[in-house]
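I opened this model to check its confidence, its domains and one of its sheets. My entries follow in the order of looking.

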Amino acid sequence: AMAHRDTAMSNAVLGPGELTPFVDALPLQPIAKSMGTRVNPEHPSEQIPYYKIAMREMHVKVHRDLPATRVWGFNDSSPGPVFETRSGEPLLVEWANELPLKHFLPIDYTLPGAEKSVPEVRSVVHLHGGRTPPDSDGYPEDWYVPGKSAVNFYPNQQDAATLFYHDHAMGINRLNVYAGLQGMFLIRDAVEDALNLPSGKYEVPLVIYDRFLRKDGQLEYPVSAIPGKPWVPEVFGNVVLVNGKAMPYLEVEPRKYRLRILNGSNARFYRLSFDNGHEFHMIGSDQGLLESPLTLRRLQLAPAERADVVVDFSKCAGKRMQLVSDSLQVMQFRVAAQGGADTSALPMKLRAVERIKETTAVKTRLLTLDEHLNLADQSMDMMLNNTPWHMPVTEKPVIDTTEIWEFVNLTEDTHPIHLHLVRFQILDRQRIDTNAFFDNRTVSFMGSVEPAKGSEAGWKDTVRADPGTLTRIIVPFKGYAGRYVWHCHLLEHEDNEMMRPYEILAAEPQKAGK
Ligand code: C2O
Ligand code: CU
């Protein structure tokens, strides 16, 4: 292992196999309830639902055999309540910061935005995948301290999809999310209604995330042994939690279920499968339904990626099966011997997903993902386009235009790259000679073009950029002009400079003479 990956880890963490799996029932988070109505900021003659959700510290049992764990959540729940919303029906959420004044996880004051001069506890909420106006989007520097709140407007002018909300505060986002500040946000629409997919208690949101648990039940967040640079490049926990419980079980009937899966981990990628090889049907990705179901036995999910999946347990009556990620236990399904009739469907046509033509792009941007090893202390710097956060905005697409963004990954890791506001399509990937790129910034291809297919052929908001590879996406910039961000969704990377602002311009600016 490289020195920069060494961490000062408390020896009180749980060892492998120390927790008995499948002893706690899978919790289902409450549905968020509105507290009345307020004026629609875009149409002042109209009243829209108003929610108030408070970020709070709480102690929760994550496992039968562990003392309660200190976590952060929303209202009384961690992960937070599930929003059930409909396309075209806007709403307002007042996010109230009622957290304590001190963080319980180790803060790294050397990170940008996390200096000692800044209040230790601060938060701002972002709706991931939402087409949200810029002042409601949770810009990382728009954080607020305990006792303050922000009212965000979510227009929901977008197709049905599995979205999620989470903290996005500058320099501290990885700790706030690790503490528990995330939750699901579902948008439904008429296209989805018409499909007769499994619903009600047969539709189950699964927020999957790993945590480092100590023997006393408390969260451990590793820090590096490098003096003055406690930042660790990624955190992998020793236990997988689903909806707030470590390796829970769910009792199901022998019939179809719809699982809305979110990888809510800071850094871990999952390769989900059933231990008995049972197949499942992926019906949607980050930004909603695929064109048609995709039958899979294994599903890869990077941090922040979502999968909408239908599993048919009808041939598994009386069995117990595990959802695993390679050798990691995620959860167990206990299939009852019998159940009622299943009137739900798994239609072969879900919705039309028209491929965007490359010829519609007005601009192509070549953007690098970079890492630099500091030889003096073996610490690692990571950036987008070799540019730190505070430098002026360089990516300025014009509203209602389409661009191709090409990510050249010059690092040794896969990075899940996320753009706020927009949905996009993945075009293709191709291996490149990184040495040639370092020498003279030319892209020289080494392998064949791999077009996006299968689970990646639908609308996305997060794309895996593999090392030594050029990954191309095509992005229609629709919705709002203003300041947004794009970043790596490995939260440790995001906090340590792998995030950049971008700005959508209202109209084509005057061409400056050369
Ligand atoms: Cu899931 Cu910038 O966020
Ligand atoms: Cu990254």
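**Confidence.** I count two residues as in contact if their C-beta atoms, placed from the backbone, lie within 7 Å. The mean pLDDT of the protein is 95. I note that 96% of its residues reach 70 or more. The scores are ipTM 0.99 and pTM 0.96.

**Ground rules.** This is a predicted model, so I take local features only at pLDDT of at least 70 and side-chain atom pairs only at pLDDT 80 or more, while totals for chains, interfaces and linings use all residues. Residues are numbered from 1 along each chain as its sequence is written, and chains are lettered from A and ligands numbered from 1 in the order in which they are written.

**Domains.** I took the bounds from an automatic or database domain assignment. The assignment gives domain 1 (17–189), domain 2 (200–335) and domain 3 (358–504). I find the C-alpha centres of domain 1 and domain 3 to be 26 Å apart. Between these two, 15 residues of domain 1 touch 18 residues of domain 3. On the domain 1 side I get eight nonpolar, four polar and three charged residues. Here Ala, Val, Leu, Ile, Met, Phe, Trp, Tyr, Cys and Pro count as nonpolar, Asp, Glu, Lys and Arg as charged, and the others, Gly among them, as polar.

**UniProt record.** The unreviewed entry lists "domain: Plastocyanin-like" for residues 124–190, 240–315 and 385–503. Its positions are in the numbering used here, feature names are shortened, and annotations may be inferred rather than shown by experiment. I checked two of the ranges for helices (H or I, at least four residues) and strands (E, at least two), which are DSSP runs numbered from the N terminus. Residues 240–315 are 0% helix and 62% strand, with end C-alpha atoms 27 Å apart. Residues 385–503 are 10% helix and 39% strand, and there the end C-alpha atoms are 16 Å apart.

**A sheet.** I traced six strands in an open, mixed sheet, in the order β26-β25-β27-β32-β29-β30. β26 and β30 are the edges; each has a single partner strand, so one side of each lacks a neighbour in the sheet. I call two strands paired if DSSP finds at least two bridges between them. Which residues partner Asp 428? In β32 I find Arg 472, and in β30 I find Pro 451.

**Two residues.** I looked up Pro 392 in the loop between β26 (379–384) and β27 (402–409). Pro 392 is exposed (12 or fewer other C-beta atoms within 10 Å of its own; 20 or more is buried, in between is partly exposed; C-beta atoms placed from the backbone) because its count is 7. Met 499, in strand β34 (residues 499–504), is buried because its count is 25. Beyond four places in sequence, Met 499 contacts Trp 389, Val 485, His 487 and Glu 494. Its C-alpha is 5.9 Å from that of Trp 486, 13 residues apart along the chain.

Notes:
pLDDT is the predictor's confidence in each residue, from 0 to 100.
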